[in-house]
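Welcome! Keep the model open beside you and try each exercise before you read its solution.

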Amino acid sequence: MNKILKEEICSLNLFADLKAEEIEILLERGNKEKLKKGEILFSERDLVNNIYIVLKGKVTLFRYSEVGQKRVIYILNTDEIINEVIFDNLPASINCEAFEESVILSFKKEDLLEIMESNFSFNKRILNSMGRKIRRLYRQLKNVVPIKIDKKLAAKLWKLSKDYGVEVEEGILIDLNISITYIADMLGTTRETVSRSMNILQKEGIIEYKDKKIIVKSREKLSMYFRGM
């Protein structure tokens, strides 16, 4: 691996506590690969021996329902571990594809385990990564309860505006190239249903949707809407 990649690895918060010799292990044994938008990194039930980390771009973790409907579970950003769950030596339990053009770091799990054995701070960062995913799953369990799609949509847009929001003159722009179909996949419903719910939120003056961009005019009103206040 070259000097540029060393600088890229050292720029990630995940590796902030590593010693120089541990960084060298990663440089010697790691790999970097590019993914085009929509390209699959691994699929459910695959035997995966590599730990993947997003170096640039974003990836989607998703599953299919029994009837083949796609359900997005996470969008992962730069500096996030994709599949730390494989430390349990079981096949992948989820699918991963590139949300946009991305660059992925990969390491054999044995190499990361070698570093984890001697670096407790690095262990904590791995555990924190898993903890954040578990908390996201807890929040998503609310969607199992039968509530109106417009409230589910409002809750999802609120979270996206928190994670990917950029302040603009009209409010907060969700800075993702995200389609109505993709949002439907996130909510486990149809594109038509999401379109109707988007129209409801627009009529309420809470969001604006134009040129495939979503602007949240008021996060407070959006929160009140899905909380039923």
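This is a predicted model: local features need pLDDT of at least 70, side-chain atom pairs count only at pLDDT 80 or more; totals for chains, interfaces and linings use all residues.

Residues are numbered from 1 along each chain as its sequence is written, and side-chain values use heavy atoms, leaving out hydrogens and water.

**Exercise 1.** Work out the strand order of the open sheet of four strands, and find which strands stand at its edges.

*Solution.* 
- Step 1: Take helices (H or I, at least four residues) and strands (E, at least two) as DSSP runs, numbered from the N terminus. Two strands pair if DSSP finds at least two bridges between them.
- Step 2: Reading across the sheet gives β2-β6-β4-β5, with antiparallel pairing.
- Step 3: β2 (40-42) and β5 (70-76) each have a single partner strand, so one side of each lacks a neighbour in the sheet.
- Step 4: From one strand to the next, the twist averages 30°. Angles run from 0 to 180 degrees between N-to-C directions, and axes are lines fitted to C-alpha atoms, for helices over the stretch in contact.

**Exercise 2.** Decide how enclosed helix α6 is, and list what its buried residues pack against.

*Solution.* 
- Step 1: Call a residue buried under 20% relative accessible area, exposed over 50%, and partly exposed in between (1.4 Å probe, protein chains only).
- Step 2: Seven of the eight residues of α6 are buried, so the rest of the structure largely encloses this helix. Among them are Tyr 182, Asp 185 and Met 186.
- Step 3: Now look for contacts, meaning heavy atoms within 4.5 Å. The buried residues of α6 pack against β4, β5, α5 (149-164), α7 (191-203), β10 (207-210) and β11 (213-216).
- Step 4: Just after α6, Gly 188 has a positive phi of about 70°.

**Exercise 3.** Classify the crossing of α5 and α7, and sort the residues of their contact.

*Solution.* 
- Step 1: The two axes, of α5 and α7, come within 9 Å and cross at roughly 75°.
- Step 2: Angles under 35 degrees count as roughly parallel, over 145 as roughly antiparallel, 65 to 115 as roughly perpendicular and the rest as oblique; α5 and α7 are therefore roughly perpendicular.
- Step 3: The contact includes Leu 153 and Leu 157 of α5, and Val 194 and Met 198 of α7.
- Step 4: Sorting the contact residues gives eight nonpolar, two polar and one charged. Here Ala, Val, Leu, Ile, Met, Phe, Trp, Tyr, Cys and Pro count as nonpolar, Asp, Glu, Lys and Arg as charged, and the others, Gly among them, as polar.
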